[in-house]
Amino acid sequence: MSDRAEHVVIMGPQGAGKGTQAALVAPELRLVHISTGDLFREVRKADTELGREIRDYYDRGALVPDELTIRMLSARLDEVMQQDAGIRGALIDGFPRTQAQAEALDRMVADRGERIAAVVLVDVPRERLVERLSGRLICSNCGATYHRVFNPPKESGRCDVCGGTLEQRSDDTPEAVERRLAIYYEQTAPILDYYQTAGLLVTVNGDQPIDDVKNAITAAVRPRFSDAE
Ligand code: AP5
Ligand code: MG
């Protein structure tokens, strides 16, 4: 096992399956899943100034400002790396989304003497994304993700993992979905070139059954670790 932590970034448009795949792949690769979307969903529930501020960006499908997002990601990364013994690093989902965030992540990782082993693009054509988002259900308690048709829970309306109630995400309204996709193609997709140039990008076909995507990701990422298994 390498001494320095190695992180993997998972990217792709809204509905590509980043969260679904991260939950499956992280334990297999000894990574801890960090999702900025999950962090913001937690904070937005609180009746605090920060909660209200986040809710305002989040529910409209707008990006939370870089400075705040970078601070939250950095704090979570610290927490994870201090607490979880035996892990290789983090599987970062939903970050970076802007060039400024990509550069901040590089600095963060370099300052800590760590490295990014790979950036995975889960590639799904745009026309598939809306049907995925409009049928998505998430657990109001643990955040696990389902789909009414493509990945239904065993018991209707109940989470398989914790028994919590399933609900639609507040940003899966048609208007917010349109805004989120537009932001992705304008601001986030260009970062892929940055990672391509750095030799870190691996592209996986996300338009296939969930298990096949999972196998494709683990096969593409494993050789990128310094102790390639
Ligand atoms: P976030 O929570 O990150 O949402 P997102 O990027 O919009 O991506 P999604 O979670 O919608 O898609 P996903 O790829 O995870 O798909 P999933 O696995 O759920 O961010 C939310 C908000 O937080 C942002 O809009 C912003 O306000 C804020 N935010 C977060 N990060 C930020 C940042 N860095 N900077 C600034 N603001 C930030 O799958 C989708 C559906 O498809 C599910 O129903 C699933 O069951 C189904 N599915 C998955 N895989 C398959 C498959 N292979 N076949 C069929 N169905 C599938
Ligand atoms: Mg997600």
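In this predicted model, ligand 1 is surrounded by 35 residues, and the closest of them are Gln 14, Thr 20, Ala 62, Arg 97 and Arg 136. By residue class, the shell around ligand 1 divides into twelve nonpolar, 15 polar and eight charged residues.

Several side chains place polar atoms beside oxygen atoms of the ligand. For Arg 97, a polar side-chain atom lies 2.5 Å from an oxygen atom of ligand 1. The corresponding distance for Thr 20 is 2.6 Å. In the side chain of Arg 41, an N or O atom is 2.8 Å from an oxygen atom of ligand 1. On its own, ligand 1 has 1,100 Å² of accessible area, of which the protein covers 96%. The elements that give two or more residues to the shell are helix H1 (18-28), helix H2 (36-44), helix H6 (126-134) and strand E6. Helix H2 provides the largest share, four residues.

Arg 136, one of the closest residues to the ligand, also belongs to strand E5, which spans residues 136-139. In a regular strand, side chains alternate between the two faces of the sheet. In E5, Arg 136 and Ile 138 are on one side, Leu 137 and Cys 139 are on the other, and all four are buried, so both faces of the strand are covered.

E5 pairs with two strands. Three bridges join E5 to strand E6 (residues 145-147) in an antiparallel arrangement, with Leu 137 opposite Tyr 146 in E6. The hairpin of E5 and E6 has five residues between the strands, and Gly 143 there takes a positive phi near 85°. Strand E7 (residues 166-167) also runs antiparallel to E5 and is joined to E5 by two bridges; Ile 138 has Glu 167 in E7 as its bridge partner.

Technical notes. Residues numbered from 1 in each chain as written. Chains lettered and ligands numbered in written order. Predicted model: local features only at pLDDT ≥ 70, side-chain atom pairs only at ≥ 80, totals over all residues. Heavy atoms only, no water. Buried < 20%, exposed > 50% of the residue type's maximum accessible area, 1.4 Å probe, protein only. Pairing = 2+ DSSP bridges. Near = heavy atom within 4 Å. Polar contact = N/O pair within 3.5 Å; in protein donor to acceptor, adjacent residues only side chain to side chain. Areas by Shrake-Rupley, 256 points an atom, 1.4 Å probe, with all protein chains shown as cover. Nonpolar A, V, L, I, M, F, W, Y, C, P; charged D, E, K, R; others polar.
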